[in-house]
Amino acid sequence: TDGGFDLTAAALEDNEAAAASLRQFLMLAFSREATDEEVASRRELALDPDGDGWRDVIRATLLSQEFLYRVEENADGFTLASRLSFFLHGERPGPGLLAQAAEGGLDDKESAAQVVAAMLDSPASRSLAEDFATQWLGTSELRDVTPDIRRYKPFNEGLRKAMGLEVVEFFDDLVRENRSALECIDSEFVFVNKRLAKHYGMEGVKHGNVRRVPRPSAMRGGVLGMAGVLTVTSNPLRTSPVKRGQWMLERIFHAPAPPPPPNVGSLPEDDQADDGLSLRARLAQHRASPACAACHDQMDPFGLALESFDGIGQVRSLADDAAAPVTLPNGIEINGVPELKEALLTDSSRFLEALGSSLFTYAVGRPPTLRDLLEIEEAVRACEANGHRIRTLIEGIALTTAMTQG
């Protein structure tokens, strides 16, 4: 007996008990109530003298399309339970959530909001950090990056792992403690272990697990100073202001630049090329072409603002031209990472709307429509009114029409 149903041969002798067990089993498998026909057909399969009893029922169920795929025929409480569970817990709904759906606990917005709050309290909501945050920030690609270790000698597998865990622990802690979503832009702490702390030039960190500690300087704190983010947006032999700028547009503003036109050329793989040109000067040459300027004028300033970090996210000193101020697309002139963070926070609503859109796409499985964007904006306004607390934004996305009715 497991999960409230009895999978024993003796249970088949009792019609009522067998039907109840089958209904409970099928509800867990299909994330909805089973029909009378489904219950009857599986009991018949279990009673087949030439068959293998409950094992045949289990095999047939686990191979059915209702189990293998997310089949949504009606927008009801069970559908919402499934959507919420995959969004917030990264898995199909369990017995407790399905029982709430069966009892009408998801039928109105107030009740559903209480369910969402309880789901965020659950340890299973760590899935948001492990799946959503790593996809959103691109650090799920860390396992595939290959910095040249002759150029970047500190890089090794221990550092790679710590880089990835910093993102997970940061976002999980953000949701768990329900702090301001704007800490994604700037925060007073970092999540490091001894290995990553050494990479960040921090002293006195002795613990082997990744945990929250005060940041070493204003260069760190928030996602822009995370070594994992800075590594996946670099090339093996050099940084990539273009990749980092595109990352900013796509992840921070939810407005990726279009693909480059054909035959536009490319930058050298190594920033120590023989012609003596700096990467900044080379990008200026690239933007001189009208075909390139439209996109690069939007991307490059953000990428150049992050040039104080090398290809694996270490702080470095820059030559005079590389350290010169940059002008962002909105006309604000900045000099360095701390000023970039300040500029982003002056238009925090834009970031929150981008984060809300990314959460929506992850939850629903498609980009938002114009109608969805209006509801995302409502969630952002509620988030702002509640001290920018991230759970308010997540709850708003979880209860959009696309989730509850679409």
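Visitor: Which residues in helix 16 meet Leu393, Ile394 and Ile397 in helix 18?
Guide: This is a predicted model, and the question concerns helix 16 (residues 348–364) and helix 18 (residues 390–398). The partners on the helix 18 side are Leu393, Ile394 and Ile397. On the helix 16 side, the residues are Leu352, Leu355, Gly356, Leu359 and Phe360.

Visitor: How many residues of the contact of helix 16 with helix 18 are nonpolar, polar and charged?
Guide: Glycine counts as polar in this classification, and Gly356 is among the residues of helix 16 that meet helix 18. The contact divides into 7 nonpolar, 1 polar and no charged.

Visitor: Are helix 16 and helix 18 oblique or roughly parallel to each other?
Guide: Two packed helices are described by the angle between their axes and the distance between the axes. Helix 16 and helix 18 pack with their axes 10 Å apart and at an angle of about 45 degrees. Angles under 35 degrees count as roughly parallel and 65 to 115 as roughly perpendicular. Helix 16 and helix 18 are therefore oblique.

Visitor: At what angle do the axes of helix 1 and helix 2 cross?
Guide: Helix 1 passes helix 2 in a right-handed crossing. Their axes come within 10 Å. The crossing angle is roughly 115 degrees, which means that helix 1 is roughly perpendicular to helix 2.

Visitor: Which residues of helix 2 make the contact with helix 1, and how many residues of the contact are charged?
Guide: Helix 1 contributes Asn15, Ala18, Ala19, Leu22, Arg23, Leu26 and Phe30. From helix 2 come Asp36, Glu38, Val39, Arg42 and Arg43. The residues of this contact divide into 6 nonpolar and 1 polar, with the number of charged residues being 5.

Visitor: What covers the buried residues of helix 1?
Guide: Helix 1 (residues 15–30) has 16 residues and reaches 22 Å from its first C-alpha to its last, close to the 22 Å expected. Its buried residues are Ala18, Ser21, Leu22, Phe25, Leu26, Met27, Leu28, Ala29 and Phe30. The cover includes helix 2 (36–47), helix 3 (54–62), helix 4 (65–68), helix 5 (77–88) and helix 6 (95–102).

Visitor: Which residue just after helix 1 takes a positive phi?
Guide: Helix 1 spans residues 15–30. Just after it, a positive phi of about 60 degrees is taken by serine 31.

Visitor: Is serine 85 buried or exposed?
Guide: Serine 85 is found in helix 5. Leaving out residues up to four places away in sequence, serine 85 touches Gly90, Glu91, Arg92, Pro93, Leu97 and Met119. Buried means under 20% relative accessible area. Because its relative accessibility is 2%, serine 85 counts as buried.

Visitor: Where is glycine 90, and what is its relative accessibility?
Guide: Glycine 90 lies in the loop between helix 5 and helix 6. Apart from neighbours within four places in sequence, glycine 90 is in contact with Ser85 and Ser127. Glycine 90 counts as partly exposed, because its relative accessibility is 39%.

Visitor: What separates the C-alpha atoms of glycine 90 and serine 125?
Guide: Glycine 90 and serine 125 are 35 residues apart along the chain. The separation of their C-alpha atoms is 7.9 Å.

Visitor: Among contacts between residues at least 6 apart in sequence, what percentage join residues at least 24 apart?
Guide: The protein has 19 helices and 4 strands. Of its 406 residues, 49% count as buried. Among contacts between residues at least 6 apart in sequence, the share joining residues at least 24 apart is 66%.

How values were computed. Residues are numbered from 1 along each chain as its sequence is written. This is a predicted model: local features need pLDDT of at least 70, side-chain atom pairs count only at pLDDT 80 or more; totals for chains, interfaces and linings use all residues. Side-chain values use heavy atoms; hydrogens and water are left out. Helices (H or I, at least four residues) and strands (E, at least two) are DSSP runs, numbered from the N terminus. The expected span of a helix is 1.5 Å times one less than its number of residues. Buried means under 20% relative accessible area, exposed over 50%, partly exposed in between (1.4 Å probe, protein chains only). Contact means heavy atoms within 4.5 Å. Axes are lines fitted to C-alpha atoms, for helices over the stretch in contact, and angles run from 0 to 180 degrees between N-to-C directions. Angles under 35 degrees count as roughly parallel, over 145 as roughly antiparallel, 65 to 115 as roughly perpendicular and the rest as oblique. A crossing is left-handed if the near helix is turned anticlockwise from the far one by less than a right angle, and right-handed if clockwise.
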